[in-house]
Amino acid sequence: MKIDKKQNQYRTNEQIRAREVRIVGESGSTVMPTRQALDLAHQQGVDLVEISPNADPPVCRLIDFSKFLYQQKKRQKEMKAKQVKVEVKEIRFGPQTDEHDYQFKLKHAQEFLQDGNKVRAYVFFRGRSILFKEQGEVLLLRFANDLEEVGKVESMPSLEGKKMFLYLAPKKAGSAKKSQQARDREAAVADEKKREERGERREESAVLDIDTETPANGGLLANAKISADALKKLTETESPE
């Protein structure tokens with residue numbers, strides 16, 4: 001027969017051994033002899049349930065014990081449903097994992113972390129490949145850096161037997177930081193945009209120079225004509241009669 005641990009957690013009715021108890025309810029609390037409290041529970045068709053056995057005197061309530069247990073279980077079930085279930089997903093590498101396989105596993109790790117799961121990545125060293133443990137550590141550190149936007153490192157790479165482990169936990173929403181690679185890409189895009197804008201400005205300046213060439217030449221010719229006329233007048237004035 002299955003024993004209900006929740007049911008055995010509370011003393012009820014004649015199981016209560018204290019000489020007096022404090023009865024709490026909607027109207028307040030009252031201290032009375034335990035026998036009187038049992039009679040009152042019997043009159044109301046409910047149970048005397050000990051809620052706080054370590055209090056002096058113990059605190060009890062007059063309630064339907066079966067209904068009380070049902071409500072307790074229902075409340076616990078609701079609380080459990082609200083809790084986020086976090087799983088630990090494993091990603092396995094070899095010390096000489098190729099780039100295609102690395103990117104494939106990186107994508108899966110990103111999805112795991114975005115779903116709220118933890119990731120345990122490890123490099124497995126088979127036989128003499130343990131000689132490449134530094135290479136495995138570099139791989140795991142790169143892995144952590146590439147996941148910086150969605151995950152935070154809980155434990156740095158550590159060797160346990162023939163496996164080197166790295167533990168990552170998901171970042172909270174809104175707290176993700178951009179990885180160095182993402183920042184580099186954005187900087188490159190910004191630089192390219194600036195270069196394009198400078199090129200457009202140079203083209204605009206060239207167009208303006210072409211448009212103003214005629215007025216500029218016209219101005220020079222006009223100045224030259226004025227100077228020639230002034231020189232002619234000066235010559236006529238200084239010539240002997």
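**Figure 1. Strands S1 and S4 run parallel in this predicted model.** Two bridges join S1 to S4. Arg22 stands opposite Val59 of S4. The pair belongs to an open sheet of four strands, ordered S2-S1-S4-S3, with mixed pairing. Strand S2 (28–33) and S3 are the edge strands, and each pairs on one side only. From one strand to the next, the twist averages 40°.

**Figure 2. The peptide bond from Asp56 to Pro57 is cis.** Omega is near 0° here. Pro57 sits in the loop that links strand S3 (47–52) and strand S4 (59–63). Most peptide bonds are trans.

**Figure 3. Asn13 has a positive phi.** The angle is about 50°, although Asn13 is not a glycine. Most residues other than glycine have a negative phi. Asn13 is found in the loop between helix H1 (5–8) and strand S1 (20–25). Is Asn13 buried or exposed? Its relative accessible area is 19%, so Asn13 counts as buried, the limit being under 20%.

**Figure 4. The largest nonpolar core holds 20 residues.** Seven members touch the most others: Ile91, Phe93, Val119, Leu140, Phe143, Leu147 and Leu168. Which elements each supply at least two residues of this core? They are strand S5 (88–93), H4, strand S6 (118–124), H5 and strand S8 (163–170). H4 gives the largest share, five residues. In soluble globular proteins, nonpolar side chains tend to be buried together.

**Figure 5. Leu140 is in contact with residues from elsewhere in the sequence.** Leaving aside residues up to four places away in sequence, Leu140 touches Phe93, Ala121, Tyr122, Val123, Pro157, Met164, Phe165 and Leu166. Leu140 is also one of the core members that touch the most other members. A second, separate core has 10 residues, among them Ile23, Ala37, Leu48 and Cys60.

**Figure 6. Glu99 forms a salt bridge with Arg142.** The closest N and O atoms are 2.9 Å apart. Glu99 lies in helix H4 (residues 99–114) and Arg142 in helix H5 (residues 133–146), so the bridge ties together parts that are 43 residues apart in sequence. Both residues are partly exposed: Glu99 has a relative accessible area of 42%, and Arg142 has 33%.

**Figure 7. Lys105 forms a salt bridge with Asp101.** Their closest N and O atoms are 3.3 Å apart. Why are Lys105 and Asp101 separated by about one helical turn? The reason is that they are four residues apart in helix H4. Lys105 counts as buried at 18% relative accessibility, whereas Asp101 is partly exposed at 25%. Elsewhere, salt bridges with shared partners join Glu99, Arg142 and Asp146 into one network.

**Figure 8. Lys89 forms a salt bridge with Glu87.** The closest N and O atoms of this pair are 3.0 Å apart. Lys89 is partly exposed, with 24% relative accessibility. Glu87 is partly exposed as well, with a relative accessible area of 33%. How many salt bridges does the model have? The count comes to seven.

How values were computed. Residues are numbered from 1 along each chain as its sequence is written. This is a predicted model: local features need pLDDT of at least 70, side-chain atom pairs count only at pLDDT 80 or more; totals for chains, interfaces and linings use all residues. Side-chain values use heavy atoms; hydrogens and water are left out. A salt bridge is a side-chain nitrogen of Lys or Arg within 4 Å of a carboxyl oxygen of Asp or Glu. Buried means under 20% relative accessible area, exposed over 50%, partly exposed in between (1.4 Å probe, protein chains only). A nonpolar core is a set of buried Ala, Val, Leu, Ile, Met, Phe, Trp, Tyr and Cys residues joined through side-chain atoms within 4.5 Å. Contact means heavy atoms within 4.5 Å. Two strands pair if DSSP finds at least two bridges between them. Axes are lines fitted to C-alpha atoms, for helices over the stretch in contact, and angles run from 0 to 180 degrees between N-to-C directions.
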